[in-house]
Amino acid sequence: MTLEDLQHIFQKQIAEGTDKLYFMLADEQTGLTMVQRHPADDLAGLLPMLDSFQYTGHNVMPRFKK
């Protein structure tokens, strides 16, 4: 995943002017699903966190699975 990918994925939240981006992480091995928040002005900081996840689309929020 690249910084450009994240800009596209979070485009709506960024355009709304939110301070914190929200998204869902799902780990299929453990069955754990978590809603996470991350500062909107630090998209680059999300790259290492999402490195082992795949973007699976939007419902109400961006979703990523491992």
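Q13 is buried, with a relative accessible area of 5%; buried means under 20% relative accessible area, exposed over 50% and partly exposed in between, using a 1.4 Å probe and protein chains only. This is a predicted model in which local features need pLDDT of at least 70 and side-chain atom pairs count only at pLDDT 80 or more, while totals for chains, interfaces and linings use all residues. Residues are numbered from 1 along each chain as its sequence is written, and side-chain values use heavy atoms, with hydrogens and water left out.

Q13 sits in helix α2, residues 11–16. Helices (H or I, at least four residues) and strands (E, at least two) are DSSP runs numbered from the N terminus. Leaving aside neighbours within four places in sequence, Q13 is in contact with T18, K20, L21, Y22 and P62, where contact means heavy atoms within 4.5 Å.

E16 is also found in helix α2. At 54% relative accessibility, E16 counts as exposed. Between the C-alpha atoms of E16 and D27, which are 11 residues apart along the chain, the separation is 28 Å.

The aromatic residues come next. Four aromatic pairs are present in the structure. Rings of Phe, Tyr and Trp (its six-membered ring) pair if their centres lie within 6.5 Å; planes under 30 degrees apart count as stacked, over 60 as edge-to-face and the rest as tilted. F10 and F64 form a stacked pair, 6.4 Å centre to centre with 25 degrees between the planes. F10 lies in the loop between α1 (3–9) and α2, and F64 in strand β4 (residues 62–65), so this pair ties together parts that are 54 residues apart in sequence. Both F10 and F64 are buried.

F64 also pairs with F23: the ring centres are 6.0 Å apart and the planes are at 90 degrees, so the pair is edge-to-face. Because F23 belongs to strand β1 (residues 20–27) and F64 to strand β4, the pair ties together parts that are 41 residues apart in sequence. F23 is buried, as is F64. Ring pairs link F10, F23, Y55 and F64 into a cluster.

F23 is also among the contacts of H38: not counting residues up to four places away in sequence, H38 touches D19, K20, L21, F23, G45, L46 and M49. H38 is placed in strand β2, residues 32–39, and at 9% relative accessibility counts as buried. The side chain of H38 reaches the backbone oxygen of D42 at 2.9 Å.

Methods:
A polar contact is a pair of N or O atoms within 3.5 Å; within protein, one must be able to donate a hydrogen and the other to accept it, and residues adjacent in sequence count only if both atoms are side-chain atoms.
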